[in-house]
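Thanks for coming. The structure is on the screen now.

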Amino acid sequence: MVTKTINAADASTAPAILSIVAQWLTVDRLNQWIRVALVPLVAIAIFLVMWHLGAARIVTSLGQVPGPVQVWEQAGNLWQDHLRERNKETAFYERQEKRNAKKLEKNPDAVVKIRPYTGKPTYIDQIGTSLVTVFAGFLLGSLIAIPLGILCGLSSTVYRGFNPIIQIFKPVSPLAWLPIVTMIVSALYVSDDPMFSKSFVTSAVTVMLCCMWPTLINTTVGVASIDQDLLNVSKVLRLSWWVHIYRVVLPSAIPMMFTGLRMSLGVGWMVLIAAEMLAQNPGLGKFVWDEFQNGSSNSLGRIMVAVITIGLIGYVLDRTMLQIQKMVSWDKSAVLR
């Protein structure tokens, strides 16, 4: 009886479900799904096949170039290494707490200390270090580039004054900046109890010096290209300088400004990896260099995991900036990619 009831219910609900699916799965939705999901998946699949076939034919001093499967295995190994290190850290602090508890039982006035865990940073730790560093350098660069770009866009005199400096320092490589920054930071950043490590300050300043130029130039162009009618309205209304910047300049220059910010973040991420490799500062760049120097049979696979991670993080950073641009842009109909 129950079985008959269920079968009857299935027979009555199946056409309804098919009808809903048919209404949802229109030709337009199907074409959109193909463009958004299927085409990228096919492209990625073709890339993986070409990678697999090409890797099998190349043998280096460290062994055969790893294919997608071997790289995936190394990614899993790195994650397991991270979990093991975290377990060691947890056990380390638990031992300290038990030792301190016993010490306080014997002597309630005893002074106990919690010593920090000094284990080797894992791959995940290196990713976190690089992200914090690039955001610090990018933020510093933006704080300089945006106000200076607004001034250069509003005043041709200021622009003529700064333009030679911008054009001279813009193409300087991070490899040239790094020794200078390292020496200056070592000379000026002297403290018995520093808030940040010198390696962090050096990497962040190097990122700042290299990534601020796209934001500066695009902000200048965006401000200089403001519609003359808007500027005339601002004059007629006699807006104060700050209100003019807030109400007229910033909304008009936001598209170009964010184009510069997206480029700056990408440049900063790229520069940071090179700076970490060259200066041996903590981060993904140091991880890549250490694996290269390690020379084990797993090194190539781990380096390729890092390369893919660097690319994926760069992609996520760009998409994040794009979403922020969509939220703050006044022209919601503009096509942003």
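A residue counts as buried at under 20% relative accessible area, as exposed at over 50%, and as partly exposed in between, using a 1.4 Å probe and protein chains only. This is a predicted model, in which local features need pLDDT of at least 70 and side-chain atom pairs count only at pLDDT 80 or more, while totals for chains, interfaces and linings use all residues. Residues are numbered from 1 along each chain as its sequence is written, and side-chain values use heavy atoms, with hydrogens and water left out.

Salt bridges, then. The term covers a side-chain nitrogen of Lys or Arg within 4 Å of a carboxyl oxygen of Asp or Glu. Searching the whole structure gives seven of them.

One of these joins Asp125 to Arg86, with 3.2 Å between the closest N and O atoms. Asp125 sits in helix α4 (residues 123-154) and Arg86 in helix α3 (residues 68-106), so this pair links distant parts of the chain, 39 residues apart. Helices here are DSSP runs of H or I with at least four residues, strands are runs of E with at least two, and both are numbered from the N terminus. Asp125 is partly exposed because its relative accessibility is 24%, and Arg86 is also partly exposed, at 24%.

Next is Asp318, which forms a salt bridge with Arg262 at 3.1 Å, N to O. Asp318 belongs to helix α11 (residues 299-328) and Arg262 to helix α9 (residues 241-279), so the bridge ties together parts 56 residues apart in sequence.

Now the helix pair. Two packed helices are described by the angle between their axes and the distance between the axes. For α9 and α11, the angle is about 160° and the axes are 10 Å apart. Axes are lines fitted to C-alpha atoms, for helices over the stretch in contact, and angles run from 0 to 180 degrees between N-to-C directions. The two helices are therefore roughly antiparallel, a label for angles over 145 degrees; under 35 is roughly parallel, 65 to 115 roughly perpendicular, and the rest oblique.

Which residues make the contact? On the α9 side they include Phe258, Arg262 and Trp269, and on the α11 side they include Gly314, Asp318 and Arg319. Contact means heavy atoms within 4.5 Å.

Last, two residues of helix α7 (residues 198-224). Val205 lies in this helix and is partly exposed because its relative accessible area is 23%. Its C-alpha atom is separated by 32 Å from that of Val243, 38 residues apart along the chain. Leaving aside neighbours within four places in sequence, Thr202 touches Leu178, Val181, Thr182, Val185 and Asn281.
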